[in-house]
Amino acid sequence: MNLLSVEDISKSYGEKVLFKSISFGINKGQKIALIAKNGTGKTSILDIIIGKDNPDTGNVIFRKGTQTAYLPQEPNLNPSLTVEETILSADNPTLRVIAQYDKALENPDDQEAYQKAFEAMDLSQAWDYEKQYKKILFKLKLNDLNAKVGSLSGGQIKRLALCNALLQEPELLILDEPTNHIDLEMIEWLEDYFSKEKITLLMVTHDRYFLERVCNEIIELDNGKLYTYKGNYSYYLEKREARIAQEDVEAHKNKLHFKKELEWMRKQPKARTTKSKSRIEDYKKIKEKASQRRNEHLVQLEINMERLGSKMIEMHKVQKSFGEKIILNNFNYSFQRSERIGIIGKNGTGKSTFLNLLTSNDKIDSGKIIWGETLKFGYYTQKGITIKQGQKVIDVIKDYGDYIPLKKGRKISAQQLLERFLFDRKKQYDFVNKLSGGELKRLYLCTVLIQNPNFLILDEPTNDLDIITLNVLESFLLDFPGCLLVVSHDRYFMDKIVDHLFVFKGEGIVENFPGNYSDYRVYEDSREQENKESLKINKKNKIDLTENTSKTVFSYKQQKEFRKLELDIKKIEAKKKEIQNRFTQEELTPKEIEEVSIELGLLEKELETKTLKWFELSEISE
């Protein structure tokens, strides 16, 4: 069943033609990735599909009634709302019923409002839906439902927007770089979720493992034309290589044919017969084909690194905290020449802070960091590049120098360097504010490398870079003779370039793991398997209370008890908080302290009993 048809759309900006008369369709159940170089039209195609922009020609047609959701690269959520309010504010009738029920729970004394909200939940069958969105929020590590959106990190906001999109239960979900700014654990959960769910996807992503494991079709926009590959990323690589090889053969044939026709044209036949006129017309077409060249500039990065001494960086008993949050706890490490270290860990565990300490952009609380005299950093940060008003691409590079040294005593000019980074001469004189996000990242990378560092630090370098640029960057990094330190959520990238990992676990714990990311996952999976086997053995030693009994049905009576327990637990928690506040806000006599302590103990016991009962009923309702 066709959900979306894109018919003969074209888009240009002034003289720049992004694409012309391209068409494709999306059928139910397809999981399609759109691949293209930065700045060639990926985002424009998505904008046209979601109605944010209009094509110059052509149409986008959705099947009538198709429910669509869109996750942008940078979600725009109301900062004054809480996590739960953001979810419940979506245009969804069931969510409105749940919002009313939650409001009733906040006012437990109004039994009439509670009963009305409870019945509405029954009528709308909203219990399962409420459980579903809370489960998704839990999986996405958004446990604090009362946290304000304005206080969330970029990764948390992305996860919240993703939850919103999933809860719309769309037939077609459109995703623009869904793995950007979320940690590896979340990426792997999302990968697993999409690969199993029967959902139709159209996505733009540079995450090659994601493409491999989720997509069943890849559409490539190349030189303004679309090419379709009915398979995952491995299939795409194989077939794309075959296509390019075939195009090269055709180009060679066209050039030979052109030479032959050129000889004939030079003879300037006097008799302009119908046959010769036809051949002249054919000649023009052959000339056009023969002059076509693939715009596939391969970046060759041969920067000659400055000399690196024997001493690099030594870290001795380094401590770093922000308030009660510990980043490093007695951390010791001596960096060696030519080390290739990857840094992984959940968002907020201190990865970027660690890089800032190394580069003196932040101060340690205690301990010592010793830097070698010949050390020269190249630091690519997530903040990106600062551009002056009215600056052109070539001006940005020339701020760092007119040329850079290469191997064997050679030099290249700033213009030549930009060409190697896929900026042609015309593009070099464009204003920087015209560049796409990916092109800006590529330009920034160029400014870091032109400084000829011997200790290269890359903080999320793969965000917004296209796959072609990633391949080029990987090739360079494999040959880079200096020390390399990389923070990245791109598993493919990490597997290819690092030898070992710093795994930030939180609470100041940093594990030094020998191997790349896939090695670490195998190691972690084996530990999980050992834990599961241990749990199975423990279960066998316990009495199975459900053995030889029929499946328990969650009766209406139990459902009412379940909801009443929710109400009671809310009341007890409110009362408990009120009593705890008395300890901190009032001056109590010894007798009053004893009475309040007894009351608090009774409340905690009652809360524990009711919570255990709630969990028992919750298990039955699954």
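Is Ser44 buried or exposed, and what is its relative accessible area? Ser44 is buried, with a relative accessible area of 11%. Buried means under 20% relative accessible area, exposed means over 50%, and partly exposed lies in between (1.4 Å probe, protein chains only).

This is a predicted model: local features need pLDDT of at least 70, side-chain atom pairs count only at pLDDT 80 or more, and totals for chains, interfaces and linings use all residues. Residues are numbered from 1 along each chain as its sequence is written, and side-chain values use heavy atoms, with hydrogens and water left out.

Ser44 sits in helix H1 (residues 42–50). Helices are DSSP runs (H or I, at least four residues), numbered from the N terminus. The table gives contacts (heavy atoms within 4.5 Å), leaving aside residues up to four places away in sequence.

| Residue | In contact with |
|---|---|
| Ser44 | Tyr13, Leu18 and Phe19 |
| Phe194 | Lys31, Leu162, Leu166, Leu173, Leu175, Ile199, Leu201, Phe210 and Val214 |

Phe194 also belongs to the largest nonpolar core, which has 59 residues. Leu137, Leu160, Leu173 and Phe194 have the most contacts inside this core. Helix H6 (residues 154–167) supplies its largest share, 7 residues. A second, separate core has 44 residues, including Val432, Leu456, Leu458 and Phe480. A nonpolar core is a set of buried Ala, Val, Leu, Ile, Met, Phe, Trp, Tyr and Cys residues joined through side-chain atoms within 4.5 Å.

Helix H11 (residues 351–358) is largely enclosed by the rest of the structure, because 6 of its 8 residues are buried. They are Lys351, Thr353, Phe354, Leu355, Leu357 and Leu358. Ser360 follows H11, and its phi is positive, near 65 degrees.

Notes:
Helix = DSSP H or I, 4+ residues; strand = E, 2+ residues; numbered from the N terminus.
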